[in-house]
Amino acid sequence: MTNTARFIPDRLESPLERRLKSWETLLLAVAVGIFIVNSFTSPYFLNAWNLSDMTFNFTEKAMIAFAMALLIIAGEIDLSVASIIALASTAMGAAVQVGVGTPGLVLIGLGVGLICGAFNGFLVTKMGLPSIVVTIGTMSLFRGISYIVLGDQAYRGYPSDFSFFGQGYVFWVISFEFVLFAIIALLYFVILHKTNFGRAVYAIGNNAIGAEFSGIRVARVKFILFLLTGLMSGIAAICLTSRLASTRPSIAFGWELEIVTMVVLGGVSILGGSGSIPGVVIAAFVMGLVTFGLGLLNVPGIVMSIVIGLLLIGVIALPRLWEKWRA
Amino acid sequence: MSITRRLFGGTAIAAAMLAGSAVHAQDDMRIALVVKALGIGFFEAAAEGAEEAAAELGNVEIIYTGPTDTTAEGQIEVINSLIAQGVDAIAISANDPDAVSPALQRAMQRGITVISWDSGVNEEGRMMHLNPSSTPLIGNTIIKLAADHMPDGGQVAILSASATATNQNAWIAAAEEVLPNYEGIELVATVYGDDLSDKSYREAQGLMASYPDLKAIIAPTTVGILASCQAVSDAGKIGEINVTGLGLPSEMAGCVESGATESFAIWNPIDLGYSATMIAHALAAGTATAEPGAEIPTGRMGSVTLDDTNAAAMSDPFTYDASNIDQFKDIF
């Protein structure tokens, strides 16, 4: 006679077990794996300066990805981020032509980012329009303004101390951008995981109506999230413009999809309601390591896109398949 | 099999497949040819020229690379990875003369020879720039193309882009300067088609109506030459009027075949990649220095001389006719 009694656990998985099976652990393992593979395939990979150079491939995008993660967790999206970079950069470039100094440029970059974010937030929360439609519209609008202002011209002549943001080093190989990335990551970790505001973001993403009835001011939270995304785009615009030392309307073209990819790879549900900042941080490193590692092998960019695509599908599909097999 | 090993497997296989290409002899000089974007015929042809130069020089490895789309950010990532690999030289056709400059300056600080070709980088960001040709050379070539097929002399007219087009105006001025060197050639008119197909077509028709004895139309613009060829064909004047100037082989193949165009010119991407590689090699090996007035040998192309801004012109534009159009029409 076979024993048909089912095993019923008297408690949930231990905290350690849960952590080991978490998305972040999985991603971290992937990141470490890629790091090891890179070290073996290219003799140039393990070099402090080279690893430092690598971080520039993702720091600016990751800054925006943190704000985007919160927005996606809350069930909204902002596809205009790359265009906000273009507009903020164009505004800074125009200001340089009339002799504005570095502090003024930073304020203009942040200000344009905030205004664009507020515009998106207004259309979504006050007019009740779907964010994907609004931001596809403003994606064309913001970059369109840059094209009208600049055409095929470029702004250059940024003050020499402005170059610190994108080209400066704080200590040895630790770049200013990387330090900024770390600070912003920490801030977003605290906001999302340690504050009431963060709990509200999750609540809205899981059930916006329920959140509303629980006394959460849904529209206001969403508006703030759009403001934050705009602000982060402004910060990224300052770093990228400083790194390029020039502005063209095509600046940061196509970044919005890379940023969304980073967020989704980081374990944020595209349907909203779940995700974490550590996941996005590791995803940023994974994408940076993959593109840089393949770059060292002089793999053409199109193959890199294929690898990133496969990685995204693989990392998302495999845990689900595993669950299925285990069941 | 654990979940992590499954994931490892995927990336490891991808990486292992690519690992083979990383192996190279350490003492080879590595020259990176960085282009605006991969998959463009013009640049594939330039890479062919670079390989030819590498074979001629020996012990040179060409790294042909570039971003997927023509962005400055993409090129900077490529440059960063080349700096990391410690290549000996970078020869770049830049997507943006200013944006890639800081990254290239960093490359030079780390001892890498940096030159630009085709599309230049600002002066701080490169040691020298190789132009495919120069204004006087182009001006001379467009007249010579017409004169070569006019042994008895006769009337020619120029169909340009817009009246304010800087490049075309400079070329036409240079052409007028050398005109006295070509006996019997008379320039009767210069008209402007604004680089619009239909307007260029009408201007070409106008030229044929105004000057019945016209022997050649010279169009130093890819739009104008194609429209003129069409107008001459439609008027049934193939053989009477020769259309020449600057055009793209892919677009001009039909005109050369029909006989409306005896020959035309444009820079040759193979020669350009070849010369850029030769110069990068000479500078990286220390057999030449990039300074105003310096003469740098470029193998079968002869040599180039640097001007005050450390820029140089490669050669006359390359002439395409029935004998070589088939070879180039698929390239660009």
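Me: Into which domains is chain B divided?
Reply: The model is predicted. The C-alpha trace of chain B spans about 80 × 50 × 35 Å along its principal axes, and the centres of the two domains, taken over C-alpha atoms, are separated by 33 Å. Chain B is divided into domain 1 (23-133 + 269-315) and domain 2 (135-266).

Me: How many helices and strands does the secondary structure of chain B come to?
Reply: Chain B has 332 residues, of which 52% count as buried. Among its contacts between residues at least 6 apart in sequence, 70% join residues at least 24 apart. The secondary structure of chain B comes to eleven helices and 14 strands.

Me: Which strands stand at the edges of the open sheet of six strands in chain B?
Reply: The order in this sheet is β2-β1-β3-β4-β5-β13 (chain B), and the pairing is parallel. Two of these strands have a single partner each, so one side of each lacks a neighbour in the sheet. From one strand to the next the twist averages 20°. The edge strands are β2 (60-65) and β13 (311-313) of chain B.

Me: Which residue in β5(B) is the bridge partner of I115(B)?
Reply: Strand β4 (residues 113-117) of chain B pairs in the parallel sense with strand β5 (residues 128-131) of chain B, over three bridges. In β5(B), the bridge partner of I115(B) is M128(B).

Me: Which helix of chain B packs on the sheet, touching β1, β2, β3, β4 and β5 of chain B?
Reply: Helix α3 (residues 72-85) of chain B lies across β1 (29-34), β2 and β3 (89-92) of chain B, and runs at about 175° to β1(B). The helix asked for has a direction that makes about 160° with that of β4(B). This is helix α10 (residues 269-285) of chain B.

Me: Which residues point one way from β5(B), and which the other way?
Reply: In a regular strand, side chains alternate between the two faces of the sheet. The four residues of β5(B) listed here are all buried. One way point M128(B) and L130(B), and the other way H129(B) and N131(B).

Me: Which residue in β13(B) does N131(B) stand opposite?
Reply: β5(B) and β13(B) pair in the parallel sense, and three bridges join them. In β13(B), N131(B) stands opposite A313(B).

Me: Which element gives the most residues to the side of chain A that touches chain B?
Reply: On this interface, 43 residues of chain A are in contact with 36 residues of chain B. The elements of chain A that give two or more residues are α2 (23-41), α3 (48-55), α12 (218-244), α14 (277-296) and α15 (301-326). The residues on the chain A side divide into 24 nonpolar, 15 polar and four charged. With nine residues, the most comes from α15(A).

Me: Which element gives the largest share of the largest nonpolar core?
Reply: This core has 205 residues, and V286(A), L33(B) and I90(B) have the most contacts inside it. It draws at least three residues from each of domain 1 and domain 2 of chain B. The largest share, 14 residues, comes from α14(A).

Me: Which residues does I90(B) touch, not counting residues up to four places away in sequence?
Reply: I90(B) is one of the residues with the most contacts inside the largest nonpolar core. Leaving out residues up to four places away in sequence, I90(B) touches A32(B), V34(B), I79(B), L82(B), A107(B), I112(B) and V114(B).

Methods:
Residues are numbered from 1 along each chain as its sequence is written. Chains are lettered from A and ligands numbered from 1 in the order in which they are written. Two strands pair if DSSP finds at least two bridges between them. Axes are lines fitted to C-alpha atoms, for helices over the stretch in contact, and angles run from 0 to 180 degrees between N-to-C directions. Two residues are in contact if their C-beta atoms, placed from the backbone, lie within 7 Å. Ala, Val, Leu, Ile, Met, Phe, Trp, Tyr, Cys and Pro count as nonpolar, Asp, Glu, Lys and Arg as charged, and the others, Gly among them, as polar. Domain bounds come from an automatic or database domain assignment. A nonpolar core is a set of buried Ala, Val, Leu, Ile, Met, Phe, Trp, Tyr and Cys residues joined through C-beta atoms within 7 Å. A residue is buried if 20 or more other C-beta atoms lie within 10 Å of its own, exposed if 12 or fewer, and partly exposed in between; C-beta atoms are placed from the backbone.
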